[in-house]
Amino acid sequence: MSASMSRSRWPDVLPVGRPSIQCCASCGAEYPDLHASPQCDACGGLLEVRHAVPADAFAAPVDGIALRASFANHCCARPVGHASGVWRFQSVVMPTAGDAIVSWPEGNTALLQRRALSQYVGVDALWVKHEGMNPTGSFKDRGMTVGTTQAVRVGASAVACASTGNTSAALAAYAAQAGLPALVFVPAGQVALGKLTQTLSYGARTLLVRGDFDDCLRLVQDAARELGIYLLNSINPWRLEGQKTIVFELLQQLGWDAPDWIVLPAGNLGNTAAFGKALREAKALGLINRVPRLASVQASGAAPFAASFADGFRTRTRVQAETLATAIRIGDPASHDRAVDAITFTDGMVLSVTDAEILAAKRVIDAAGVGCEPASAASIAGARALVHNGVMRSGDRVVAVLTGHVLKDPGILVRMHQDAAFPEAPANAPIEIDASVSAVAAVLAADARSRSTVSPP
Ligand code: F0G
């Protein structure tokens, strides 16, 4: 497998003092960190970034304890600190970014505990890492701040991506801040309204492609190559460097006492790959003593990675994807090999959950006052399924990542709560009334009646 080839040649972290490099996982070619192409010039393979062990003031390598302290020092407080939850980990993300940094700022997202969610999953110690609390409402901001910074560093004249919606919203916002023209390719009719309107508002040239996400990704790669536009999909290794900080940050929030599991939704597999890379580095740098197991959760109508996992990763599966969780409606994930490495290294799991399970989990997450977009609910649905199957135990410490904000997909909310034809009865339909107190009282009385007819559990 190509990913293992890169593993044998490059350690997870380079010796102290070495400059960061980009290396090709397929053919072994090596490039300096300012090499402008996001893919290997020699073979077209995907690149991986390697950094040296961070050094102290005397150029000696720091140990895990000193590195943890430096991350804590860099947290928010000026003048040493950085308000970004990505850039305070700069020494393990992009050490030489200098003045080029394009930051909203992003990250520093909450790690929540809610009794309703613990009960639903069946795990006492459940935390939810809410990446929907990033500036454009998804975890993509963490990768995009680093990817856009690299675009500035290499002198890109324009940036582009294919997207199911969140990447395009993030790209549009960060490109606007950097003053770079942005071009996005999204599947026509398949992008949630919140994401599409964000992308338009931030000013990206938006192309609605007659095809699915996989068609968009092929098209943007050809267009970027032929038209000289800098590609900012998660194929780009710098995106993954930024997304690694979800893991660094949650480990820091848990006092560097690693959980037993980290559960995340999976589509194009950039995040699964980034999480695996973060955990490899956290272990190699002495930040953690043991490695959590990753659980990547796909929608059952878009589950090529789960099919490959079930086959012991002997074959790479591709499918025609279909799911109402449009963010992860992807049939041919680009970061397959990198994600195989992440799952193998962490003794992880890949599973799929049905759209009905995703919606059921979303109802619980929303009703807990937390909220998330449909794809994000796959992590809670997946954790629940793992408990049900006996793989995850009720005593395990589990972090489930919610990847996007509840308002990303208002269309599904309208259908869930106001469309009687939608699966399951409308949950919380709004009621139109006359402008009178008696009308309000009538609604409250009806609610009280229906509560009294519901038998206790
Ligand atoms: N959750 C959300 C909300 C997403 O937007 C995505 C991916 C994922 C999970 C899956 O992450 O692709 O790294 O496995 N969205 C991409 C996009 C594809 O274009 O916004 P992944």
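**Entry 1**

I began with W256, which lies in the loop between helix 8 and strand 10 (261-265). This is a predicted model, and I read the backbone angles with that in mind. Phi of W256 is near 60°, a positive value in a residue that is not glycine. I noted it since most residues other than glycine have a negative phi, and most peptide bonds are trans.

**Entry 1: a peptide bond to check**

I then looked up the bond from W104 to P105. It is cis, with omega near 15°. P105 belongs to the loop between helix 2 (64-73) and strand 4 (111-112).

**Entry 2: overall dimensions**

I counted elements next: the protein has 15 helices and 13 strands. The C-alpha trace spans about 75 × 50 × 50 Å along its principal axes. For 457 residues a compact globule would have a radius of gyration near 23 Å, and the protein has 22 Å, so the value agrees with that rule.

**Entry 3: helix 8 against helix 9**

I turned to helix packing, where two packed helices are described by the angle between their axes and the distance between the axes. How do helix 8 and helix 9 cross? The axes of helix 8 (residues 237-253) and helix 9 (residues 270-284) come within 8 Å and cross at roughly 60°. That angle makes helix 8 oblique to helix 9. The crossing of these two helices is right-handed. On the helix 8 side I listed R239, L240, Q243, K244, V247, F248 and L251. Helix 9 brings G270, N271, A273, A274, F275, K277, A278, L279 and A282 to this contact. Sorted by class, the contact of helix 8 with helix 9 has ten nonpolar, three polar and three charged residues.

**Entry 4: helix 9 against helix 11**

I followed helix 9 to helix 11 (residues 336-345); their axes come within 8 Å and cross at roughly 50°. Helix 9 is therefore oblique to helix 11. Is the crossing left-handed or right-handed? Helix 9 passes helix 11 in a left-handed crossing. From helix 9 the contact takes T272, A273, F275, G276, L279 and R280. Helix 11 supplies R338, A339, D341, A342 and F345. I sorted the contact of helix 9 with helix 11 into six nonpolar, two polar and three charged residues.

**Entry 5: helix 5 against helix 6**

I looked at one more pair. The axes of helix 5 and helix 6 (residues 193-201) come within 8 Å and cross at roughly 20°. Helix 5 and helix 6 are therefore roughly parallel to each other. Helix 5 passes helix 6 in a left-handed crossing. N166, S168, A169 and A172 in helix 5 meet K195, Q198 and T199 in helix 6. By class this contact of helix 5 with helix 6 has two nonpolar, four polar and one charged residues.

**Entry 6: around the ligand**

I ended at the ligand. How many residues surround the ligand? I found 23, and the closest are S163, N166, N268, T403 and G404. Helix 5 (166-178), helix 9 and helix 13 (374-388) are the elements that give two or more residues to this shell. Which element gives the most to the shell? Helix 9 does, with three residues. By class, the shell around the ligand has six nonpolar, 15 polar and two charged residues.

I cross-checked N166: N166 is among the residues closest to the ligand, and N166 of helix 5 is also part of the contact with helix 6.

Definitions and conventions:
Residues are numbered from 1 along each chain as its sequence is written. This is a predicted model: local features need pLDDT of at least 70, side-chain atom pairs count only at pLDDT 80 or more; totals for chains, interfaces and linings use all residues. Axes are lines fitted to C-alpha atoms, for helices over the stretch in contact, and angles run from 0 to 180 degrees between N-to-C directions. Helices (H or I, at least four residues) and strands (E, at least two) are DSSP runs, numbered from the N terminus. Angles under 35 degrees count as roughly parallel, over 145 as roughly antiparallel, 65 to 115 as roughly perpendicular and the rest as oblique. A crossing is left-handed if the near helix is turned anticlockwise from the far one by less than a right angle, and right-handed if clockwise. Two residues are in contact if their C-beta atoms, placed from the backbone, lie within 7 Å. Ala, Val, Leu, Ile, Met, Phe, Trp, Tyr, Cys and Pro count as nonpolar, Asp, Glu, Lys and Arg as charged, and the others, Gly among them, as polar. A residue is near a molecule or strand if its C-beta atom, placed from the backbone, lies within 6 Å of it. The radius of gyration is taken over C-alpha atoms; the globule rule is 2.2 Å times the number of residues to the power 0.38.
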